[in-house]
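Hello,

Here is the structure I promised to pass on to you.

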Amino acid sequence: MTTPMSASDTLAREFLGIRSRLLDVAAALDRVDRAAGAVGDDPRAAKLREALELLVAGGAERAERLQLLFSLPYQDQWRRQYGV
Amino acid sequence: MQFFDPHIHIASRTTDDLLAMAKAGCVVVGEPAFWMGYNRSGSNSFYDYFRQLTEWEPQRCANHGIRHYAWMGINAKEAEDVGFSREVIALLPEFLDKPTVLGIGEIGLHKNTKNEVTTLLSLIDLALTRDEQMLFHTPHLEDKYKGTRMILDILRADSRVDRSRVCIDHCEEHTVRLALDEGYWAGITLYPTTKATPERAADMVERYGAERMLVNSSADWGPSDPLAVPQFIFVMRRRGHPDSLIRKVVFDNPLKFFNQSVHFTYAPHEQA
C-alpha cells in the first residue's frame, strides 16, 4: 500500500513542516555550541552526527534505520546469560 | 467515525476528556493496568487499583456512552521486584474473572533485566494456564528494539501461545514488522513526542498494511492526547485514504481483537 497522494503533492504538504523541524534541529545544535563547556567526546553528540549523515545519505526506510541507530543492540544469547 | 481506543489509561484522565472522546466518536476503550508514575507501597495498593479499573472506571465511561474494558497485570517497571510481583500476581485471578476484563496486560519489559523476565514468565504462564489474551508493553526509546525481540523470543519458545490473541504494543518503525511477521497484533501508540505521531502511524499503515494493526492514544498522566485516535483518522483522510481502510484500523481491528475475550460483549450498532 502506498500513499494516495503524489510525491509532488506530498512534498508540497510536508515542505514547511520539514523546514521547521530542520530549523529546530539547527537551533538546538547552535544552543549546545553556545553553552559553556564542550560535548565533543559525548557519545550522544556523535550519535546525532551519525543520524544527520544517515538522512543526508538518502535511501529507503530512513525512519526505521534511524530508530535502529538509537537502539541498544540485541543479543540472541540473552536467555543463556540470564539462565532462563 | 466511531472508533475504539484500545489502550488508554482512563484512571489518569478527567471527565472532560471522556466527554471530548465521546463527542469525537469513541465507543469502546481498553485500559491496561500500568505504572502510576510512582512505585506503589504494597500489594493492597494494586488491589484498590484493580477495583478502580473493574468497578469505577467502567461506570464513569458508561456515563458518556463509552464501554470500558480492562486488562489486569503488573507493569514491567514494578516487576523488577520479583517478590512484590508474586504478591500482585496472586491477586490477578480474582480480577481476571470480572465481567469487563479482557485478559492480562500490560505486561512486558522496561529495562530488559533478568528480574523483569522472571516476572514476565510468571505472568505469561498465568495467562496461558487460564487461556487469557495478552497485551504486551514494549520498552521505551533505546531499549525498545532489544526488549521487543526478547519478548518475541519468550513467546516463540512457548508452544501454547496463540499469536492471534496477543498484541505487541507501542510498536514503532523498527519493531512493527517484527510483530506482524510473527502473526501478532501490532499496536501503535500515538504520542506527541515519544513513540509514534499520527503521521508516522499512517506511514506504517501505508508501509505494512492495515491487517492486525491497532492504533491507540495510551493517554495517561504524561504528555499524551486522549483524542489521538481521531487525529489519526484526520491524518489518514487528509492523505486521501478511504473511510473503509481507516475504519478497519480504528474500529474493525480492535473489535476483532477484543472479541476473542469471553468477557467482551460490545455489539456494534448499524453502520458506524
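Let me start with one residue in chain B: F251(B), which sits in helix α9. Please keep in mind throughout that this is a predicted model. F251(B) has 21 C-beta neighbours inside 10 Å, and it therefore counts as buried.

Two of the strand pairs are worth a look in your viewer. β1(B) and β2(B) run parallel and are joined by three bridges. Across this pair, D5(B) stands opposite V29(B) of β2(B). Six of the seven residues of β2(B) are buried, so that strand is largely enclosed by the rest of the structure. Further along, β4(B) and β5(B) also run parallel, here with four bridges between them. I104(B) has M134(B) in β5(B) as its bridge partner.

Next, the helices α7 and α8 of chain B. A pair of packed helices is described by the angle between the axes and by the distance between them. For α7 (residues 198-208) and α8 (residues 228-238) of chain B, the axes come within 9 Å and cross at roughly 60°. That angle is why α7(B) counts as oblique to α8(B). The crossing of α7(B) past α8(B) is right-handed. On the α7(B) side the contact is made by P198(B), E199(B), A201(B) and A202(B), and on the α8(B) side by A228(B), Q231(B), F232(B), V235(B) and M236(B). Sorted by class, this contact has seven nonpolar residues, one polar and one charged.

Just after α8(B), G240(B) takes a positive phi of about 95°.

There are also some backbone details to check. As background, most residues other than glycine have a negative phi, and most peptide bonds are trans. Here are the places in chain B that I would point you to:

- D131(B) is not a glycine, yet its phi is positive, at about 60°. D131(B) is in the loop between α4 and β5 (133-137) of chain B, and it counts as exposed because it has 11 C-beta neighbours inside 10 Å.
- R212(B) also has a positive phi, near 60°, and is a residue other than glycine. R212(B) is in the loop between α7 and β8 (213-216) of chain B. With 20 C-beta neighbours inside 10 Å, R212(B) counts as buried.
- The peptide bond from G105(B) to E106(B) is cis, with omega near -15°. E106(B) belongs to strand β4 (residues 101-108) of chain B.

Finally, the contact between the chains. How many residues does each chain bring to it? The contact takes 21 residues from chain B and 18 from chain A. On the side of chain B that touches chain A, α4 (114-130), α5 (144-156) and α7 each supply at least two residues. α5(B) gives the most to this side, with six residues. By class, the side of chain B that touches chain A has four nonpolar, five polar and twelve charged residues.

Happy browsing, and do write back with your thoughts.

Best wishes

Conventions. Residues numbered from 1 in each chain as written. Chains lettered and ligands numbered in written order. Predicted model: local features only at pLDDT ≥ 70, side-chain atom pairs only at ≥ 80, totals over all residues. Axes fitted to C-alpha atoms, helices over the stretch in contact; angles between N-to-C directions. Parallel < 35°, antiparallel > 145°, perpendicular 65-115°, else oblique. Left-handed = near helix turned anticlockwise from the far one by under 90°. Contact = placed C-beta atoms within 7 Å. Nonpolar A, V, L, I, M, F, W, Y, C, P; charged D, E, K, R; others polar. Buried ≥ 20, exposed ≤ 12 C-beta atoms within 10 Å, placed from the backbone. Pairing = 2+ DSSP bridges.
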